[in-house]
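Hi there,

Here is the structure I promised to send over. Have a look at it first, and my notes follow below.

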Amino acid sequence: MPIYEFGCPSCGGITTELCKIGDNGEQLRCEECGNTGLIKHISGFSSLGICGGAGSGSCSPGCSGNCAGCH
Ligand SMILES: [Zn+2]
């Protein structure tokens, strides 16, 4: 399974989890503050591949962050 990084919009903490493809991390909790609603990053592209769009689950590695042309 792929490894995804999830960023916390509340405290900015990063939680790394093994996830099924299509898993958007909604059920995850921030390791730092326990907040839910984490935003999925693409592992290895954590500064470029931030995609927070609703239902985003298949962002391509080169996604610029707004998912335009991504999915
Ligand atoms: Zn947090």
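Of the contacts in the protein with a separation of 6 or more, 24% are between residues 24 or more positions apart (contact means heavy atoms within 4.5 Å). Please keep in mind that this is a predicted model, in which local features need pLDDT of at least 70 and side-chain atom pairs count only at pLDDT 80 or more, while totals for chains, interfaces and linings use all residues. Residues are numbered from 1 along each chain as its sequence is written, and side-chain values use heavy atoms, with hydrogens and water left out.

As for the fold, the protein has zero helices and three strands, giving the pattern β-β-β along the sequence. Here, helices (H or I, at least four residues) and strands (E, at least two) are DSSP runs, numbered from the N terminus.

Now to the metal site. Cys8, Cys11, Cys30 and Cys33 each coordinate the zinc ion through SG, at 2.3 to 2.4 Å. Donors are N, O and S atoms within 2.8 Å of the metal (3.2 Å for Na, K and Ca); water is not among the atoms, so sites may look incomplete. Along the chain, the zinc donors are spaced C-x2-C-x18-C-x2-C. The arrangement is tetrahedral because the angles between the four donor atoms are 103 to 114 degrees, and four donors count as tetrahedral if all angles lie between 85 and 135 degrees.

Cys8 is buried, at 6% relative accessible area, whereas Cys11 is partly exposed, at 40%. Buried means under 20% relative accessible area, exposed over 50%, and partly exposed in between (1.4 Å probe, protein chains only). Buried residues make up 34% of the 71 residues in the protein.

Best wishes

Technical notes
Tetrahedral: all angles 85-135°; square planar, octahedral: opposite > 155°, others 65-115°.
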